[in-house]
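Subject: Structure handover

Dear colleague,

Here is the structure I promised to pass on to you.

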Amino acid sequence: MTTRALVIGGSMAGLLSARVLSDHFDEVTIIERDHYPEMPEVRSGVPQARHVHALLARGEEIMEQLFPGLGLDFERAGMIKYEWGTDSAYLTAGGWLKRFNTGIHTHMGSRALVDFVIRQRLIQDCQVKFLEGQQVDGLIAAADNGRVIGVQMTERGGARTQTTLTADLIVDASGRGSKAADWLTNLGYNAPEESTVNSYVGYATRWYEKPEDPSIDWRIMFILARPPHITRGAAIFEVEGGQWIATLGGVSKDYPPLDEAGWLEYSKGLPTDAFYEAVKNAKPISDISGYQRTQNHWRHYEKLDRFPDGFLIVGDAVCAFNPIYGQGMTIAALDALLLDQTCKSKRIGTPGLSLKFQRDLGASLQTVWLMATGEDLRYPATEGYTPDLMTRLLQKYVDQVGRILPNDEAVALAFIDVSNLRKPPTSLFTPAIMGKVLRQALTPRPPALGGRESAPMPRLIHE
């Protein structure tokens, strides 16, 4: 008997889910609203693709596990392999990090190229089918509504013909705009509780030709905001084709303008002039694009008492994070790993397994949610909930860690590991680090913290 799985949505969470499901089902089909471009190009279903995207080290490790040799494919496609530390100029609230060898590598490219390479591997290796230009309208359930057995979908454009498609498992990976809550209520289930934390981040991006400047010895520049006084941050990533993606971002509705003069003037309000100096004479090759849909949003399916079998929800359709932290693709990879483990553990048709998956997924999201929202809650204008005592204590502890980062390679390495989701935040609470934090807390706070950075960007020292 042929087994079939459907994946709703063909962005990163959908692609990686389909890859996992191809190991457990005879046929896997991705249903996608858009038509995929034949080359790596921005499509409407991924509106952030014009902006900086970070593929964190943990995310790439999982992707390499799912697609052996993917790193080489990335490089053949033109993506840049870099090391966190030696290739990055990273300004934290405590100052510039030293540029030292961390041994943590990942590849950097445009979001359109990352999606394209993975999609090609999926087609070549797994025989996954794609149904493009199809809008899923709802779920089809068995007679007692206890199991989802298919979907109703409409062809977008043209005759708008409605059809049905049945499967043994349906996975919703349709992103922030997911209609799964409505589909479930139509079947008689409760809608999930929702949590939203919105720090009102907006950002604007422009692409440049990378300048031929020998003094630029970094491939990535990160400039973090310094809450609550400096609400602006920025990043420059070197990507394929000798291009830079340069992004300015602001918190608490301090949105960057989209005109050239205003955009450059806005950059002067960063905690350092390094970004402005890098782009002021660079050759732009795109218009300036803005994005402001950045709130953290969690639909708590894990709290439901009832959930239909044969249906799972993953990625941003469950929990979407503030994109400024670059966690999205890595969370999609972690969700796919959990999906694989779930499929291996029991027959996917086991009653109650779908609800167990959503609860396991909810538990796995707790730490990353606290990391993202804990940072956003540093700003007084953030809406969602008021930081409790534990959150405020953790923020103070992280502040002290931040003061140590620029001068301590061991602490900086631990911080980079946590930022890349390779290690949990608890790794910053080892006795060695806590001892350093305690000693640091007893020293006077330097005036530069929370204000503009006076120290120059560190150069890479070749040994």
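Accessible areas, as used here, come from the Shrake-Rupley method with a 1.4 Å probe. On that basis the accessible surface of the chain comes to about 20200 Å², and 51% of it belongs to carbon and sulfur atoms. Please keep in mind throughout that this is a predicted model.

To begin with the chain as a whole, it contains 12 helices and 20 strands. Its radius of gyration is 23 Å, close to the 23 Å that the globule rule gives for 463 residues, so the chain is as compact as a globular protein of that length. The C-alpha trace spans about 70 × 50 × 40 Å along its principal axes, and buried residues make up 56% of the 463 residues. Of the contacts in the chain with a separation of 6 or more, 73% are between residues 24 or more positions apart.

Strand E1 (residues 4-8) and strand E2 run parallel and are joined by 5 bridges, with alanine 5 having valine 28 of E2 as its bridge partner. Together with helix H1 (residues 12-21), which comes between them in the unit's name order, E1 and E2 make a right-handed β-α-β unit. E2 (residues 27-32) is mostly covered, in that 5 of its 6 residues are buried. E2 also pairs in the parallel sense with strand E7 (residues 129-132), over 4 bridges, and there threonine 29 stands opposite lysine 129.

Next, the nonpolar cores. The largest has 109 residues, and those with the most contacts inside it are Leu16, Leu21, Ile30, Ile118, Leu122, Tyr301 and Phe311. Helix H8 (residues 328-345) gives the most to this core, with 9 residues. Apart from this core lies another, of 25 residues, which include Trp96, Trp263, Leu264 and Tyr266. If residues up to four places away in sequence are left out, leucine 16 touches Met63, Leu66, Phe67, Ile118, Ala332, Ala333 and Ala336. Two of these, Met63 and Leu66, are among the buried residues of helix H2 (residues 57-66), whose others are Ala57, Gly59, Glu60 and Ile62. The cover over the buried residues of H2 includes H1, helix H3 (70-76), strand E6 (105-108), helix H4 (111-126) and H8.

Further along there is an open sheet of 7 strands with mixed pairing, in the order E5-E4-E14-E15-E16-E13-E17. Strand E5 (95-96) and strand E17 (289-291) stand at its edges, each with a single partner strand, so one side of each is left without a neighbour in the sheet. Within the sheet, strand E13 (residues 202-209) and strand E16 (residues 243-250) run antiparallel and are joined by 8 bridges, one of the bridge pairs being alanine 204 with leucine 248 of E16.

Apart from residues up to four places away in sequence, phenylalanine 222 touches Trp84, Ala89, Tyr90, Leu91, Trp96, Ala234, Ala235 and Phe237.

Isoleucine 288 and tyrosine 90 are 198 residues apart in sequence and 24 Å apart in space, C-alpha to C-alpha.

Finally, there is a hairpin to look at. Strand E9 (residues 148-155) pairs with strand E10 (residues 162-166) in the antiparallel sense over 5 bridges, and glutamine 152 has threonine 164 of E10 as its bridge partner. There are 6 residues between E9 and E10 in this hairpin, and in the turn glycine 157 has a positive phi of about 80°.

With best wishes

Technical notes. Residues are numbered from 1 along each chain as its sequence is written. This is a predicted model: local features need pLDDT of at least 70, side-chain atom pairs count only at pLDDT 80 or more; totals for chains, interfaces and linings use all residues. Side-chain values use heavy atoms; hydrogens and water are left out. Buried means under 20% relative accessible area, exposed over 50%, partly exposed in between (1.4 Å probe, protein chains only). Helices (H or I, at least four residues) and strands (E, at least two) are DSSP runs, numbered from the N terminus. Two strands pair if DSSP finds at least two bridges between them. A crossover is right-handed if, with the strands pointing away from the viewer, the path from the first strand over the helix to the second runs clockwise. The radius of gyration is taken over C-alpha atoms; the globule rule is 2.2 Å times the number of residues to the power 0.38. Contact means heavy atoms within 4.5 Å. A nonpolar core is a set of buried Ala, Val, Leu, Ile, Met, Phe, Trp, Tyr and Cys residues joined through side-chain atoms within 4.5 Å.
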